[in-house]
Amino acid sequence: MKLFKNLNFTKLKEGLSKTREKIVNRIAETVSGKAKIDTEILDEIEEVLLTSDVGYDTTAQIIEEVRKRLTNEKERSEAVIIQLVKDVIIDLLNSSGSKEEYTPAIEGKNPFVILVIGINGVGKTTTIGKLAHNFKQSGLKVIIGAGDTFRVAANEQLEVWAKRAGVEIVKKDKGSDPSAVAFETVQAAVKGGYDVAIIDTAGRLHTKHNLMEELKKIGRVMQKIVKDAPHETFLVLDGATGQNAITQAEEFANSVPLTGLIITKLDGTAKGGAVVQVCTKQKYPIRYIGVGESIEDLQTFSPKEFVEAIFG
Ligand SMILES: Nc1nc2c(ncn2[C@@H]2O[C@H](COP(=O)(O)OP(=O)(O)OP(=O)(O)O)[C@@H](O)[C@H]2O)c(=O)[nH]1
Ligand SMILES: [Mg+2]
């Protein structure tokens, strides 16, 4: 069963246009008009990938693999080399466990609980609004919990998204214990027969010990009601932050059992190559990507569609 029909290729391409301009147009420029693909061209492609935030190690890995596969090719044209680069990148994206058409295993959970975490401003609250909308559109009963009790306007912001998505919200006064919000949200979800409960959290630095402990407590407390909750713990990463995103994934994973990643803001950046780097450098699958600020701008991550949108 595919839950959301949220993969809109035109929109994805539009969102990734900056990255595409950077990678594809420059590779095309580099190889067009050249009769043969030689070492110099591979060096130039290497540079293009580096400046798109694919990262040094990952770029070297890609070029090495392309070089290897190229030796088996009789025809070394522009089309052939671009296809090779695409294939190698798709293989890398798949290697993190990110797979085509991920579907959350919601059935039989009542509720399926999703905890959303990450550093400040990466797009957690916005992503929850988009996720809630998608679940709702799929005919599910959705409730969201305003677990960011730290920031002044956090409740209001999540309330706006709840209204837009047409879902219920649980909130408490600013300064309340975020675990209490998580507890009450899951409790309300069980009582009300909700299919999905999504918990927002305040932005926090992975270097702050007490804030990471707070996340652990949120997890523990909801387990008093639903034993295996949270069923997903998504770390949200800003796609424009490159190497830093990898550090964040490592650090958060040290405190909380992550189940997947959501990469946002891929529309605003020419550095969408960071996604490739994130996939090769850590072991958590990418589940969703954000390609804009509106409610429709969340897509299920598909390695193949992602690469097609960049190169297509
Ligand atoms: N262009 C673009 N902007 C996004 C995307 N996702 C989120 N944003 C914007 O990023 C900004 C921060 O988003 P929030 O959802 O408030 O981020 P947050 O992680 O909840 O922030 P804190 O709660 O303060 O830690 C907002 O202006 C969003 O509109 C996206 O995919 N693309
Ligand atoms: Mg927020």
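Biologist: What makes the way α3 passes α4 a right-handed crossing in this predicted model?

Modeller: In this predicted model, α3 passes α4 in a right-handed crossing, because the term is used when the near helix is turned clockwise from the far one by less than a right angle. Helix α3 (residues 39-51) and helix α4 (residues 56-70) pack at an angle of about 150 degrees, and their axes are 9 Å apart.

Biologist: How do you know which residues of α3 and α4 meet?

Modeller: Two residues count as in contact if their C-beta atoms lie within 7 Å, and by that test Leu42, Ile45, Glu46, Leu49 and Leu50 of α3 meet Tyr56, Thr59, Ile62, Ile63, Val66 and Arg67 of α4. Sorted by class, this contact of α3 with α4 has eight nonpolar, one polar and two charged residues.

Biologist: What is the handedness of the crossing in which α5 passes α12, and which residues make the contact?

Modeller: α5 passes α12 in a right-handed crossing, and the axes of helix α5 (residues 78-95) and helix α12 (residues 303-311) come within 9 Å, crossing at roughly 145 degrees. On the side of α5 the contact is made by Ile82, Lys86, Ile89, Ile90, Leu93 and Asn94, and on the side of α12 by Pro303, Lys304, Phe306, Val307 and Phe311. The residues of the contact of α5 with α12 divide into eight nonpolar, one polar and two charged.

Biologist: Why are β3 and β8 said to stand at the edges of the sheet?

Modeller: The sheet is open and is formed by eight strands in the order β3-β2-β4-β1-β5-β6-β7-β8, with mixed pairing. β3 (168-170) and β8 (298-300) each have a single partner strand, so one side of each is left without a neighbour in the sheet. On average, neighbouring strands of this sheet are turned by 25 degrees against each other, direction ignored.

Biologist: What makes both faces of β2 count as covered?

Modeller: A residue is buried if 20 or more other C-beta atoms lie within 10 Å of its own, and Val142 and Ile144 on one side of β2 and Ile143 and Gly145 on the other are all buried. Helix α8 (residues 178-191) lies across β1, β2, β3 and β4, running at about 170 degrees to β2.

Biologist: Which residues come nearest to ligand 1?

Modeller: Gly123, Thr125, Thr126, Gly203 and Gly290 come nearest, out of the 20 residues around ligand 1. Helix α6 (residues 124-137) gives the largest share of this shell, three residues, and the residues of the shell divide into two nonpolar, 11 polar and seven charged.

Technical notes:
Residues numbered from 1 in each chain as written. Chains lettered and ligands numbered in written order. Predicted model: local features only at pLDDT ≥ 70, side-chain atom pairs only at ≥ 80, totals over all residues. Near = placed C-beta within 6 Å. Helix = DSSP H or I, 4+ residues; strand = E, 2+ residues; numbered from the N terminus. Nonpolar A, V, L, I, M, F, W, Y, C, P; charged D, E, K, R; others polar. Axes fitted to C-alpha atoms, helices over the stretch in contact; angles between N-to-C directions. Pairing = 2+ DSSP bridges. Buried ≥ 20, exposed ≤ 12 C-beta atoms within 10 Å, placed from the backbone.
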